[in-house]
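This report describes selected features of a two-chain protein model.

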Amino acid sequence: MAAPLTLLFLLAVTVRAALFNSSLKELISDRVEVVSPLTAWKRVIEGLALLDLGVSPYSGDVFHETPLVIYLFHFVVDYAEVTFMLADLITAGCLYMAVKDYNKQVFRKQKFALEADRYPLDCLELIRSPKEMHYIPLKVAMFYLLNPFTILSCVARSTCCLNNAVIALFILSTIKGNLLLSAVFLSLATYQCLYPLVLVAPALLYLLQHQYIPVNFRRPNFWWLVAQYLFMFGGSLLVVVCLSFFLLGSWDFLSSVYGFILSVPDLTPNIGLFWYFFAEMFEHFRLFFLCVFQINVFFYTIPLSLKLKDHPVFLIFMQLSIISIFKSYPTVGDSALYLSFLPVWTHLHRFLRNIFLVSCLLLASSLLFPVLWHLWIYAGSANSNFYYAITLVFNVAQILLVSDYFYAFLRREHHLTYGLYLKRKDGSEAAMVLK
Amino acid sequence: MGLLSDPNRRRALINLLTRLNAPICGMPVDWLVKTMQARGLEVFTQSFSRTLPFPDENKERYMVKGTNVYGILRAPRAPRTEALVLSASCSPGDENNQAVGLLLGLAQYFRNQIYFAKDLIFLVNEHDLIGMQAWLEGYHHTNTTGMDWTPLHGRGGSIQAALSLELNSHVVTSLDLVLEGLNGQLPNLDLANLFYAFCQKLSVLCTIEGKLQRNDWDSVSGYSQAVQTMMLMVMKQASGRPWGDHGLFLRYHIEAATIKGINSFRQDKTDATTIGRLLEGMYRKLNNLLERLHQSYFFYLMPSLSNFVSIGYYMPAFGLLAVILLLRALDLWVQLVTPPPRNEERVNDIAQSCPGVLSILIPLVISHLTGVALYMLPVRFQEMAVEHFPVSETEAVVLTAIAVYTAGLALPHNTHRYSSEGTEQGWRVLKLVAVLYLAVLLGCTALINFSLGFILALTLVPVAAFVTPHVPKVLSAFALVFLSPACTLLFSVFFYQELQEMPVSFQDGWILYLSVISQGILDHYLYGSLVYPLIALLVYPCWLLFWNILFWK
């Protein structure tokens, strides 16, 4: 499989290099759908300039990246384009290897379950074969690299690509079962954008499963692994934060980065849900709604972890999608990361109910974003309501997509336990209803 | 009280106008500068030059060089943050000489008034739209069309509104209001209402699309005139060209309109002083604006000056057309997803899902390459065409465009040699992609330029919904060609002439059609009109996909 992967990498690099050398680069770097105040390249340059002058880069409320990023770019600013292309390739490579490993484990588990005769007889058509799973890692890498959202983020030099690379490294190290690396990469991802904190739960669940420790609060080895992981995670986070302090010599970055993410002071329109709400809200209620919106991102961890405790990789997918829909400054690059996981769940296609509607909505809203932005800002004929309407359509489409996959996943699990053709107690045909 | 209640001023204005009655060669820059300075304005000039991509045969120009002259009347007691523009284009000959005279007369009158809170910029631009584009680009420090111009030395703040005058005789029988701007953008309806209100107040006959206003809009003939006026507005908006000098202001979020004086054979004439009073009233109203005009509609169609159709009424019509495409897409999706009844089909299906992607990718790529060829070849290869054929450059460009368009029709018979899977599933997948592509394309077009989107939807949606490889081929091929964008344009040209009550013969109509194509290409290169790239790069490839489906084997 190395040859198709190399070919894919070459194609991805060619497309990105072609766009880097065209006149579209500046145009794409300005689009609000692709860059946010947290990830814009212009702001990184501004921060570097301030650093060169000896002033703190966080003065002036322009720069909101973490100190490690600014030091990274201090050294590689001349090779920025190569860095971003490399980040994309790393993400795709990590996702490829992670999904390959995951597929092997899924197939092994399925084999054991078949031998133990745990599946009812009529759901044999739901069993997956190695042949159909053979091309899935390549498809995942392709979905990530050739997704227009990813290409646009890379050409705009949005640091979202670096965030995605770190999260992909975390996913790879978790699936390989390496506690230390998983904790380190997760702490880096949390340090970068705070929201990956919710991925602690699926990581823990996966590592417990990997080491055959059942989730039982009375067992000492459960607590031992949890304590180990949290200690490593907390420790590396502390190390990275203190390192940032020593690099820049002040604690400014805490309020400029995490304070900015949590308190949402910048209301530039983007594809998220926060800006319009907070633009029209009275000051009196601002704190309350801020808390509600931020808790919304973190809250789904608990019920989802309870429901999906046996399927931590699907939980990672769900958490990633929830982060990219509900975070305070989303961009299309965040969506690209969870969209690249869709080939892993191709076996769920027969249970998906809304796939046509969702694809049409996603396609239409992605194409209407620039049109309505033009009508609002340049032609002056529309106003912010039009743009927010399309934002809402885009987010509703994403939510429908994710909940559809969730339904399909749960339904397949249900069929694997109770059989494909459901019968009531008296033998007549039953239908499954989602309550 | 008002303009020219003073007889001396009136005499001065008439002197000025008679002087300008003589034909002018080129633009009298020095005379204009001196006259404006004598009236107390701050005068500046801007020179510009542009070589058109190919000669413009309508206006007979190729390498254009000119000078814009503008004078700024500073507001006596206000900070210089906002401005209003009054412009008149000065072309060789006596096309618009009276407008310049009226402009100078108004400048002199406004100089003595104390109520102006915004700066007034009196602009005389040469080579109409090209000069206006150069001035606007210089004023706003943008350079989107590759023109050479000298920077402006005097500015007046952000422009709130602009009016453009076209007068070629010192008495008129009616005033025509022109609203359609570049890419079908319209000014705020408040500006049109302002003009109509003042016309009624001063009892000046006013028209829109050249049609007089009447009292009986409810009668059959009144209704038919309203429909004709609206259809004319739709055609003009769909062409995407600026129909007056005001058309280029709209892109910068400046509400602008053009006022044309029409001198026909009526008995009651309106003289320049009344027109001056009308303009004075309009400028006093615009002067009182606290914010830009935004309260009224930006998207409307006008069957008459006293009625309008807002976006809330006309968009559902378009929405229903788009729904046809979406329902067809849903139908195709359901057909594709329902598993076939027999078991032996299933093996074939799995084998076809991979080559399925390739078999739709090839028609997509080939159609878009043809679209790119249609966009780039006509202008790039005009020199080569002129060497080999006895045609002028403009004819070469237009005929190359038509040739590439017709050559695209020959394609379907070639793409199938490379894809071996020409099956029932294949054309359904291609049609699903094509129908969704058309729906989204028409939606985006209708949002930006509703008339263009609607006309394209009317002609393309029926064939897109019904074409399959199984319909009678000859009849459908004719229908598809007759409803293709090029033929729609041909029919629109004849229809437009009919609506203007100037029907043309077939020969003249064909020449007019060729000139319309050349103007469309020129508008794209000179002012950034989006109609030509939209049709060449997006609508034509989409139409080719349907042509491909019709001839699917």
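Elsewhere in chain B, salt bridges with shared partners connect Asp56(B), Lys59(B), Arg61(B) and Asp128(B) in one network. The model under discussion is a predicted one.

**Salt bridges**

Over all chains, the structure contains 19 salt bridges. Three of them are listed here.

| Residue pair | Closest N to O distance |
|---|---|
| Arg16(A) and Asp88(A) | 2.8 Å |
| Lys327(A) and Asp334(A) | 3.4 Å |

The salt bridge between Arg16(A) and Asp88(A) connects distant parts of the chain: Arg16(A) belongs to helix α1 (residues 2–20) of chain A and Asp88(A) to helix α5 of chain A, with 72 residues separating them. Arg16(A) has a relative accessible area of 1% and is therefore buried. Asp88(A), at 0%, is buried as well. Burial also applies to both Lys327(A) and Asp334(A).

**A buried helix in chain A**

Asp334(A) is one of the buried residues of α18(A), among which are also Val332(A), Leu337(A) and Tyr338(A). Why is helix α18 of chain A described as largely enclosed by the rest of the structure? The reason is that 8 of the 8 residues in this helix (residues 332–339) are buried. The cover over them includes α5 (80–115), α7 (136–145), α8 (148–155), α9 (160–176), α17 (312–326) and α20 (384–418) of chain A.

**Contact between the chains**

Chain A contributes 14 residues to the contact, and chain B contributes 14 residues. About 1,300 Å² is buried between chain A and chain B, and carbon and sulfur atoms give 82% of that area. The number of salt bridges found across this interface is 0.

**Surface patch and hairpin in chain B**

On the surface, Val357(B), Leu358(B), Leu361(B), Val365(B) and Leu369(B) make up a nonpolar patch whose accessible area together is about 470 Å². Leu369(B) lies in helix α9 (residues 344–380) of chain B and is counted as exposed because its relative accessibility is 56%. In an α-helix, residues three or four places apart point the same way, because there are 3.6 residues a turn.

Strands β13 (residues 300–304) and β14 (residues 307–310) of chain B pair in the antiparallel sense through 3 bridges. These strands, β13(B) and β14(B), form a hairpin with 2 residues between them, and Leu301(B) stands opposite Val309(B) of β14(B).

Methods. Residues are numbered from 1 along each chain as its sequence is written. Chains are lettered from A and ligands numbered from 1 in the order in which they are written. This is a predicted model: local features need pLDDT of at least 70, side-chain atom pairs count only at pLDDT 80 or more; totals for chains, interfaces and linings use all residues. Side-chain values use heavy atoms; hydrogens and water are left out. Patches are made of residues with over 30% relative accessible area and no salt bridge: like charges are joined within 9 Å, nonpolar side chains (Val, Leu, Ile, Met, Phe, Trp, Tyr) within 5 Å. Accessible areas come from the Shrake-Rupley method with a 1.4 Å probe; for residues, only the protein chains shown count as cover. A salt bridge is a side-chain nitrogen of Lys or Arg within 4 Å of a carboxyl oxygen of Asp or Glu. Helices (H or I, at least four residues) and strands (E, at least two) are DSSP runs, numbered from the N terminus. Buried means under 20% relative accessible area, exposed over 50%, partly exposed in between (1.4 Å probe, protein chains only). Two strands pair if DSSP finds at least two bridges between them. Contact means heavy atoms within 4.5 Å. Buried area is the accessible area (1.4 Å probe) that two parts lose on being put together, summed over both.
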